[in-house]
Amino acid sequence: MEEQVIEKKDIKSWIEGLFADYEVYAPVLDEKKGKVYKKVESTEDINLEFLNSKNSPKDIYFPQTERLFSFSRKDEMGLIPPHMDDKKKIVFGIRPCDAMAFTMLDKVFVSGENNDFYFIKRSENTLTIGIGCIKPDSTCFCKVVGGEPSSEEGLDILLIDTGKEYVAEPVTDKGKSLIEGSSFFKEATPENIRLKEEAITNANEKIQEFDISGLKERLDRGFDLPVWAKIHEKCVGCGICTFLCPTCHCFDILDEEGKEYGERIRIWDSCQFPLFTKHASGANPRPTGKERMRQRIMHKFKYFVENNDIFACVGCGRCVKYCPVNLDIREVLKSLAGDGGGKS
Amino acid sequence: MEDNKAEWEPKIVAFLCNWCSYAGADLAGVSRIQYPPNTRTIRVPCSGRVNPLFILKALQNGADGVLVSGCHPGDCHYLSGNYVARRKFAILKSLLKYIGIEEERVQFSWVSAAEGGKFAEVVNEVTKGVRRIGKATKLVKEIYNGN
Amino acid sequence: METNENEIRLTVKKLFDEDKIDILIGYSPGTLPLRTSPVFLRKEDDVEVLVWNSFCENTLSNYLKNYKDKRVGIVAKGCDSRLINLLLLESQVKKENLVVIGVPCRGVIDRKKIDKITGGMEVTGSEEKEDGILIFFDGTDKKVTKADILHDSCMICNYKNAVSSDIFIGEKEKEEKVDPYNKIREMEENSTDERWNYFNKEIEKCIRCYACRNVCPMCYCQECFVDCTDPEWFGKTAEIKDTKMFHIVRAYHMAGRCVDCGACVKACPMDVDLRFLTKKIEKDVLEFFAYEAGVKDDEPPPFTTFKPEDPQEFIR
């Protein structure tokens, strides 16, 4: 299918038409919470003014708190399956970096052998309609970690803003049929395509780049580098970076007990918390912030790469922007990749 | 709802200090003074032993009311336990009211070992108060109950 | 402003040269507009990285717990100096290990207020001027007066100068006493339902990242009640039924210990109004026990002591 065009004024009507069959999630400017991804009831709530959302949309696939199943304490092992969320969903207005993060999460939760039932159920039922970044933030660094502002990865449809219209690229079959089922789309003209290319080139120029080519080698022999002590020094050990991160996926599983019934729940956990690695004996193999910070960097830029051939970072810049002490992961990468790492 | 209300009996957790209020409750019983059966007593060595977390935990676990009772000021078995407790409770009580918890939910009293009558009266008043405001919901943590 | 910055650098250099300190906790330029970042200097490091301006929002005394056996110099605002007094009082730092470099503080800016001014557009640059802050966004620039973007805590701060310090830099800022509890009084006037709704609306935003706890100098427990697994005081989910308990108890633990430095609110990524709780407790502690945290370094904390005449109208 060729690229299509939809006029900007039609976009809300198009989305409105989807409400009948789908739950629509989109960026919303919440009066109190700021810009967040939320289920929207009306297209009026959707805010496409570009500054990326505060929270990443990962919780649509992987909620912060999830009931895995319930159990009865009355009869033996009376397992009660959860109410599975099998509604069809559309995530509209997602940025390419966040969509790329979905493919990353796929590697963790849908590995072939160990499939996460809950995650798959949600991701299978979800369509992603992304909008390319024509106005990236200064904290964006997707190009450094293998993304780009017009990346199609993880998307079903990619829209590029060309001023009056959006040029739509159907990426998957699901995306194609969604476009085919709508009368708002027209075949793109060569002029549309030219404008699209121009917008992409412009955006690409705006994204900052820095060299991390030395990173792998440094991390490979970097477990005991003295620089880790320096890097973590200002870190306060909160979970902002991990909780806002679109790719962080570590979780904890625990039971909550009532009088007659109980529940097994899954919650987000963070490698920055001491409890994350604390043993029942009280011993903690990652006793200080130094080891925990090292784990975060190593996991994203070494271990995950070794297992899956991609960084577990999409360069969305959330951790940069929201770190309370301005511990900038870009600086960390630069110092590790460059000569700031010290002699090993 | 109306039906439920008729059936509902408030559950009140009472933290009683070993030396005064617990003995006071005992005296009320021995003296055969009638008081409502809605309290569940937890004996503690001193009102100063009552960590505010105990109170909050009780409320989260579904207690409709919490009563903490200790020795009168000056009578503490450990000399100053109840004085220090009084400060903690003053702040807690005020904070809970401020965030919108009904004042009747968490109550405090001084009851000596000789005040069997006062103990019965306190339990009476506390139960009445909790009954008036109804079942606790605000801080209760609901866990799956089969529905 | 600049003169203070230089004086801080010279003072720190001198402290290192005279071998009075092993490490200095101060502010360095941030990597983003409107930001600075905590910096930890050793003897061999360049003191020229030190800055002092309206963007120094972090509460540095939070880091003292990491250097208990070192001789530490610290750049201290009014709030930090009060926190240091409290940490001394609670035996968390040793006086002989500490060199407090007091600075006069005109208050720090609130990035979230600037977000409102730019309509959410990204700020691409910032410059501090004598009479305000120049911010650059969306290809334009705008001068804002500091009063409009001052952090809420700073607006009602009564201790702009370090209350106690070993070295004081520059001239003391004029301190005009203001009533810090206006907002709390307004809130108290609201109905029970209004207060309950407000509390819930705020706490609902919490994602339980614990930034509020971790940036707080007074949260130094080896194991936080909320991390406790035996007993497990409260559930670990990010749902409001658990998070409200966390916030009630966190605030409660601040009784007589919070100086309203605002670190928790500045750190909160979800903009939860945490001062709504801590300020109320601060007010109660003052009204009930006539105690103001950290102002004096020899007054016992309110929960470790008592007076026979303490209020007890609420007790039957």
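Biologist: Is E239(C) buried or exposed, or something in between?
Modeller: E239(C) is partly exposed, with a relative accessible area of 24%. Here buried means under 20% relative accessible area, exposed over 50%, and partly exposed in between (1.4 Å probe, protein chains only). One caution: this is a predicted model, where local features need pLDDT of at least 70 and side-chain atom pairs count only at pLDDT 80 or more, while totals for chains, interfaces and linings use all residues. Residues are numbered from 1 along each chain as its sequence is written, chains are lettered from A and ligands numbered from 1 in the order in which they are written, and side-chain values use heavy atoms, leaving out hydrogens and water.

Biologist: Thanks. Which residue does E239(C) form a salt bridge with?
Modeller: E239(C) pairs with K241(C), the closest N and O atoms being 3.6 Å apart. A salt bridge is a side-chain nitrogen of Lys or Arg within 4 Å of a carboxyl oxygen of Asp or Glu. K241(C) counts as buried, at 15% relative accessibility.

Biologist: And what does K283(C) form a salt bridge with?
Modeller: That one is E188(C), with the closest N and O atoms 2.8 Å apart. The pair links distant parts of the chain, as K283(C) is in helix α11 of chain C and E188(C) in helix α6 of chain C, 95 residues apart. Helices (H or I, at least four residues) and strands (E, at least two) are DSSP runs, numbered from the N terminus. K283(C) is buried at 4% relative accessible area, whereas E188(C) is partly exposed at 25%.

Biologist: Switching topic: how many residues of chain C are in contact with chain B?
Modeller: 41 residues of chain C touch 38 residues of chain B, contact meaning heavy atoms within 4.5 Å. The area buried between the two chains is about 3,800 Å², and carbon and sulfur atoms give 67% of that. Buried area is the accessible area (1.4 Å probe) that two parts lose on being put together, summed over both.

Biologist: Which three residues of chain C supply more of that area than any other three?
Modeller: Y252(C), F314(C) and R316(C), which supply 21% of the area that chain C buries against chain B.

Biologist: How many salt bridges are there across that interface?
Modeller: The rule finds two between chain C and chain B. In a salt bridge, the side chains of D242(C) and K141(B) meet at 2.8 Å, N to O.
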